[in-house]
Amino acid sequence: MKVVIISAGDASRLSQLTKEKPKGLLDINGKTILDRQISLFRSNGIDDIIIIRGTQSFGIKNVSYIRDEHCEQHDVLGSLMAAKDEIEGKVITSYSDILFDESILRQLLEFSGDIGIPIDLDWEKSYGDRTQHPRSEADNVLIKNKKIIRIEKGIEKTTEDEIVGEFLGLMTLSKKGSEIFVENYLKLLHTHQGSFHRSASLKKAYLTDMIQELIDLGYDVYPIIIRGKWCEIDTPQDLERARKLFS
């Protein structure tokens with residue numbers, strides 16, 4: 001298994017802290033976000049770690065780097081697909097601005113389907129004091145019959161048998177799942193025009209847009225209902241919260 005970490009963004013809401021370094025190098029009580037992720041992956045037997053970077057350097061040893069040459073022209077999906085040749089076999093993808101504990105990673109490693117994404121069902125609790133990143137900005141997931149049927153911001157359930165959670169920013173793919181993901185992206189790259197789900201275009205698309213595309217094409221995307229501690233770091237408030245959650 002390998003891990004691909006997406007870290008080519010500009011971290012606009014943390015600009016004063018990330019002018020000279022990537023968001024993944026922000027300090028969380030003596031360790032950077034990426035140091036914590038990488039240490040967790042390695043302690044669980046994953047040594048093949050790839051970081052997708054933009055214009056900034058990282059200086060982390062014993063990992064591979066892929067330069068996203070067009071990071072200023074596209075969004076998260078385009079950055080991930082800069083590493084499309086590495087998305088083969090069993091793969092975990094991760095945003096570079098999230099922290100999660102070992103129990104969450106182990107749940108990903110135990111997943112036996114082709115495409116799975118970890119989901120927090122208690123997500124609303126973390127938005128009580130996040131005025132800089134309100135609830136409306138959460139990447140929500142709608143679950144029905146134990147499968148994900150929709151992923152986007154601002155989802156509200158309409159029936160009692162539906163469940164709403166939050167996408168953590170992690171994804172796990174089997175060998176077949178990797179093939180499904182890359183093959184369908186390449187088809188879109190050559191045929192798609194106009195808007196793409198919630199984004200203005202395929203070039204400006206997010207990972208969540210591609211997940212929704214696969215769902216619409218009939219592929220099963222399963223929720224991994226997490227039990228554990230996690231947070232994303234998108235604003236100064238989030239940074240302070242992370243330092244309280246992770247010692």
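Modeller: Covering the buried residues of helix α6 are elements that include β2 (27-28), β7 (98-100) and β14 (230-232); contact here means heavy atoms within 4.5 Å. The model is a predicted one, in which local features need pLDDT of at least 70 and side-chain atom pairs count only at pLDDT 80 or more, whereas totals for chains, interfaces and linings use all residues. Residues are numbered from 1 along each chain as its sequence is written, and side-chain values use heavy atoms, with hydrogens and water left out.

Helix α6 comprises residues 236-245, and its buried residues are D238, L239 and A242 (buried: under 20% relative accessible area, with a 1.4 Å probe and protein chains only). Viewed down the axis of α6, these buried residues fall within an arc of 100 degrees, so they line one face of the helix; the arc is that of the directions from the helix axis to the C-beta atoms.

As for the setting, the protein has six helices and 14 strands, which are DSSP runs numbered from the N terminus (helices H or I, at least four residues; strands E, at least two). Its radius of gyration, taken over C-alpha atoms, is 17 Å, close to the 18 Å that the globule rule (2.2 Å times the number of residues to the power 0.38) gives for 247 residues, so the protein is as compact as a globular protein of that length. The C-alpha trace spans about 45 × 40 × 35 Å along its principal axes. Of the 247 residues, 52% are buried.

How values were computed. Buried means under 20% relative accessible area, exposed over 50%, partly exposed in between (1.4 Å probe, protein chains only).
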